[in-house]
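Reader: Hi! Could you walk me through the charged pairs in this one?
Author: Happy to, let's look at it together.

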Amino acid sequence: MQIGQVIENTQGFVLSQDDDGNDLPQGTVRVRVSGRGNNDSTTEHYAYPIDVNRIHMPLVGEKVLLVKTPTDQNTAFHKVARYSYIKICNIHNNVNTNVLPFEHVGKASSGGGADPAGGMGGEPLSDDTVTQISHEEKEVPPLQPYDGDILTQDRYGNAFRMSSTVSGGDYDQPTQPWSGTPGEPIMILTSGLNTAAGGLYVIEDYTQDKSSILIASNQKINIDSSQPKFGPPGTAIEASSAFEGAQVVINSDRILFNSKVDSILLSGATTVAISTPKWAVDMDVFFTLFDDLLTTMQKVYAGISVYPTPMGGPTLTNPSALNELMQIITKYKEMTQGG
């Protein structure tokens, strides 16, 4: 196992070939490796990602942990090995970048040889031939870990947390934006963490984070919906910050459900509620009222509920139909945000 410094990563983004014309896979980087001998020689190699299903692209200037792995290439005498990188070395405890000045600046041949520029024994030197192509540096604090967490965080403010509800503990960010029975599992996927919150670590903030998906098992989520009410008072639909239990919450500035071929299906064991700035509609109540309206109209047109007409006088109001209609209107008005 060795440490190498990344000096080029452009071949990891497009189809490229090595010096022998072999295609380089996605995520390949070129690394500079210090020799282990007394002459402090260096070599340069292509290094493949060790896991083809999960690629963590290193930046130019970062150090990576290397191992030699087998390949499908053979010579007359042995199977050719290659370098694969496992992890990016944590140098600065910086989520966004762990770039170092370049060591062993004198470019060595692929077979080794002495490094005329020195390096490891002295001050790091700059290397004008090595460039960073597009990485944007930004302040991204690390995600607050809780006891037993599994965290994945990228350089730019995306994060995936597999966590639980905790009780007590000496944490930099001790207050979780969810609560419930200690030990209950929860998963959170976030894009655009609120990195300006301050503190050593950052914790999810659903009023400030750009977009997030929460998959909770038995938690109360500290999140307020954009509209205060769901349905009329009689349906007693709990507010988003009041419900405690298994739930999935999607939170963003805009949410699009797009079915390219088939349908979008909404199925609620109790009801489906739609809330807008003017209306708080419980769909079960709404369609019941609509059915009542159709029934009242049917009775009128079928002559079951008739309008009284005195002999030679004008047609009067229909008290029965009017009473039924006023009841429908009253319940309908309850489904406004101010109702």
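Predicted model: local features only at pLDDT ≥ 70, side-chain atom pairs only at ≥ 80, totals over all residues.

Author: A salt bridge here is a side-chain nitrogen of Lys or Arg within 4 Å of a carboxyl oxygen of Asp or Glu.

Reader: Thanks! Where do Glu324 and Lys299 sit in the chain?
Author: Glu324 is in helix 2 (residues 319–333) and Lys299 in helix 1 (residues 283–301), 25 residues apart.

Reader: And is Glu324 buried or partly exposed?
Author: Glu324 counts as partly exposed, at 22% relative accessibility. Lys299 is partly exposed too, at 24%.

Reader: How many salt bridges are there by this rule?
Author: The count is 6. One of them joins Arg32 and Glu44 at 3.1 Å, N to O. Arg32 lies in strand 4 (residues 29–34) and Glu44 in strand 5 (residues 42–49).

Reader: Which residues are linked with Arg32 and Glu44 in a network?
Author: Arg30 joins them in a network of salt bridges. Arg32 counts as buried because its relative accessibility is 5%, under the 20% cut-off. Glu44 is buried as well, at 3%.

Reader: What about Asp149, which side chain does it meet?
Author: Asp149 meets Arg161 in a salt bridge of 2.8 Å, N to O. Asp149 is in the loop between strand 7 and strand 8, while Arg161 is in strand 9. Arg161 is buried, with a relative accessible area of 0%, and Asp149 is buried at 17%.

Reader: Switching topic: how many helices and strands does the protein have?
Author: There are 2 helices and 15 strands. Of the 339 residues, 34% count as buried.

Technical notes: Residues numbered from 1 in each chain as written. Heavy atoms only, no water. Helix = DSSP H or I, 4+ residues; strand = E, 2+ residues; numbered from the N terminus. Buried < 20%, exposed > 50% of the residue type's maximum accessible area, 1.4 Å probe, protein only.
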